[in-house]
There are 2 protein chains.
Amino acid sequence: MSRRTVFFVSDQTGVTAETLGHSLLTQFEAQEFDQVTLPFLDTIDKVDQALKEIDAKADSQGAGPIIFSTLVQDHLRKRFAPKTGLLIDFFNTFLPSLEDELHAKSSHKSGRAHGLVDSGRYDQRIDATNFALNNDDGARTRDYDRADIILVGVSRSGKTPTCLYLALTYGVYAANYPLSEDELDTGALPKVLQPHLHKIYGLTIEPRRLRQIRRERRPTGRYSTTQQVSFEVRAAEELFERYKIKFVDTTRSSIEELASTILSNTGVERRIRP
Amino acid sequence: MSRRTVFFVSDQTGVTAETLGHSLLTQFEAQEFDQVTLPFLDTIDKVDQALKEIDAKADSQGAGPIIFSTLVQDHLRKRFAPKTGLLIDFFNTFLPSLEDELHAKSSHKSGRAHGLVDSGRYDQRIDATNFALNNDDGARTRDYDRADIILVGVSRSGKTPTCLYLALTYGVYAANYPLSEDELDTGALPKVLQPHLHKIYGLTIEPRRLRQIRRERRPTGRYSTTQQVSFEVRAAEELFERYKIKFVDTTRSSIEELASTILSNTGVERRIRP
């Protein structure tokens with residue numbers, strides 16, 4: 001099968017074009033793609049330059065490129081006409097039917113989605129990110145009143161990246177608390193967590209995968225032995241069940257999936273939208 | 001203008017549907033929308049339940065909802081037929097033309113984009129996130145050899161969230177180093193940074209905005225005075241210029257925009273794709 005080049009073209013960051021394009025391309029598993037992002041094409045000159053690059057690639061590769069475009073400004077979009085390949089123009093495709101439905105003209109201005117900053121939205125993300133950092137790994141427990149959610153699990157079960165993703169993507173205040181061996185031994189929910197039981201969510205992970213992750217971090221010592229890892233995971237799951245804490249297995253889930261599952265299962269509101 | 005409800009419907013996380021919908025809706029500035037995400041609709045029962053919720057909302061609101069769907073499994077998509085409103089079906093719209101262009105059938109399986117974890121991709125993100133955390137705020141400088149990029153700027157110029165976003169979204173190894181007053185006084189690039197000049201990128205910010213951010217953190221003291229903030233910003237920009245360090249102003253940029261600008265201006269490769 002011939003190798004194809006995929007271009008993500010935007011007058012803004014290209015994040016939307018990348019996300020949408022990636023979703024579509026993952027439906028074609030057998031095919032491999034070279035991926036090139038051409039962001040900030042906000043002048044006719046830059047659009048012309050991008051066209052040259054795309055057309056040259058088509059000539060050299062002998063297969064038409066696939067181009068995902070989120071160019072939104074009319075004069076740029078009209079100019080953007082690659083010679084060959086498949087052009088998927090997200091705004092062109094959907095704006096007309098939305099305009100009909102809403103009985104309104106769209107602004108066709110760029111800089112709306114990921115561009116010009118909405119300062120309230122920005123502050124919310126930064127504040128939530130700082131909250132996640134300050135309340136990472138049980139470092140601080142006195143701010144749990146402000147938390148939307150507190151993720152609990154054994155070391156390396158995926159708490160930190162999930163909290164950071166919840167903060168950056170949804171502006172949600174997410175703390176996390178690691179269950180130590182001593183705490184797991186007692187079988188009781190740590191005292192600092194008890195007043196916040198309603199906002200606790202558990203993470204678990206298959207022992208085999210956990211051992212692999214821990215060994216990369218610390219190859220020797222009890223921390224990454226089969227026995228220790230199995231004990232911790234079993235004790236954590238028993239704790240979740242004893243306190244009726246909902247929990248999710250992170251072994252086969254992406255961070256996006258974990259975040260979305262947690263929001264969906266708890267009813268915690270997104271404070272911002274991606 | 002009547003208020004509309006927007007639904008994001010997916011048999012997976014809903015992240016793609018939200019991204020698509022949000023991009024399009026921001027083109028209609030005057031309109032306000034209530035937004036509801038209905039993720040993980042992976043059985044006929046769940047699809048039917050979602051239909052009930054959507055149709056009930058349409059009845060009570062008297063205005064058709066707008067529905068962005070990334071349902072990909074055929075039997076779910078065929079079942080999903082809301083009574084009123086505008087249905088924007090992402091996969092239905094684009095997969096046929098992609099199938100033609102690629103001379104291949106798409107898999108119509110869910111769990112490809114943000115779902116079933118690609119464990120190499122997962123490890124890359126986690127590793128990059130840990131790198132960003134360990135190398136945040138100049139905490140560690142001995143790992144700069146591994147860094148793809150080192151962001152440099154005054155306190156609260158936006159370094160940490162940008163690094164975390166680069167790690168979580170693109171798997172890029174991003175460290176950051178805060179320029180202290182002493183270092184700014186000397187006008188010289190700190191010694192630990194000098195061997196890594198080629199991977200340094202500067203962040204700056206308007207003094208007025210910086211003062212506002214700092215005052216929220218520490219309302220009193222020199223840290224957030226007009227004079228101090230102006231001095232630091234000016235000295236940092238002079239330092240960038242003296243060493244020919246590229247820099248970007250974070251004042252009016254979203255985190256996505258900053259990350260995308262930095263990758264685009266440095267040529268640092270995305271290690272993963274969103």
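Is His103(B) buried or exposed? His103(B) is exposed, with 9 other C-beta atoms within 10 Å. The cut-offs here are 20 or more other C-beta atoms within 10 Å of a residue's own for buried, 12 or fewer for exposed, and partly exposed in between, with C-beta atoms placed from the backbone.

## Ground rules

This is a predicted model, where local features need pLDDT of at least 70, side-chain atom pairs count only at pLDDT 80 or more, and totals for chains, interfaces and linings use all residues. Residues are numbered from 1 along each chain as its sequence is written, while chains are lettered from A and ligands numbered from 1 in the order in which they are written.

## Chain A overall

Chain A has 10 helices and eight strands. At 24 Å, the radius of gyration of chain A is well over the 19 Å that the globule rule gives for 274 residues, so chain A is more spread out than a compact globule. That radius is taken over C-alpha atoms, and the rule is 2.2 Å times the number of residues to the power 0.38.

Along the principal axes, the C-alpha atoms of chain A fill a box of roughly 70 × 45 × 30 Å. Buried residues account for 47% of its 274 residues. Strand S6 (residues 174–178) of chain A is mostly covered, with four of its five residues buried. S6(A) runs parallel to strand S5 (residues 149–153) of chain A, joined by five bridges; Ile149(A) has Ala174(A) as its bridge partner in S6(A).

## How the two chains meet

The contact takes 59 residues from chain A and 59 residues from chain B, where contact means C-beta atoms, placed from the backbone, within 7 Å. On the chain A side, H1(A) gives the most, with eight residues. By class, that side has 26 nonpolar, 24 polar and nine charged residues. Nonpolar covers Ala, Val, Leu, Ile, Met, Phe, Trp, Tyr, Cys and Pro; charged covers Asp, Glu, Lys and Arg; the others, Gly among them, are polar. Since 98% of the interface residues of chain A are also interface residues in chain B, the copies meet through the same surface.

## A sheet in chain B

Chain B has an open sheet of four strands in the order S2-S1-S3-S4, with parallel pairing; two strands pair if DSSP finds at least two bridges between them. Strand S2 (33–38) and strand S4 (86–89) of chain B stand at the edges with a single partner strand each, so one side of each lacks a neighbour in the sheet. Strand S1 (residues 4–9) of chain B pairs with S2(B) over six bridges, and Thr5(B) stands opposite Asp34(B).

Most residues other than glycine have a negative phi. His103(B), though not a glycine, has a positive phi of about 50°, and lies in the loop between H4 and helix H5 (119–134) of chain B. Phe40(A) has a positive phi of about 60°; its loop runs between strand S2 (33–38) and helix H2 (44–61) of chain A. Phe40(A) counts as partly exposed, with 18 C-beta neighbours inside 10 Å.

Notes: Contact = placed C-beta atoms within 7 Å. Helix = DSSP H or I, 4+ residues; strand = E, 2+ residues; numbered from the N terminus.
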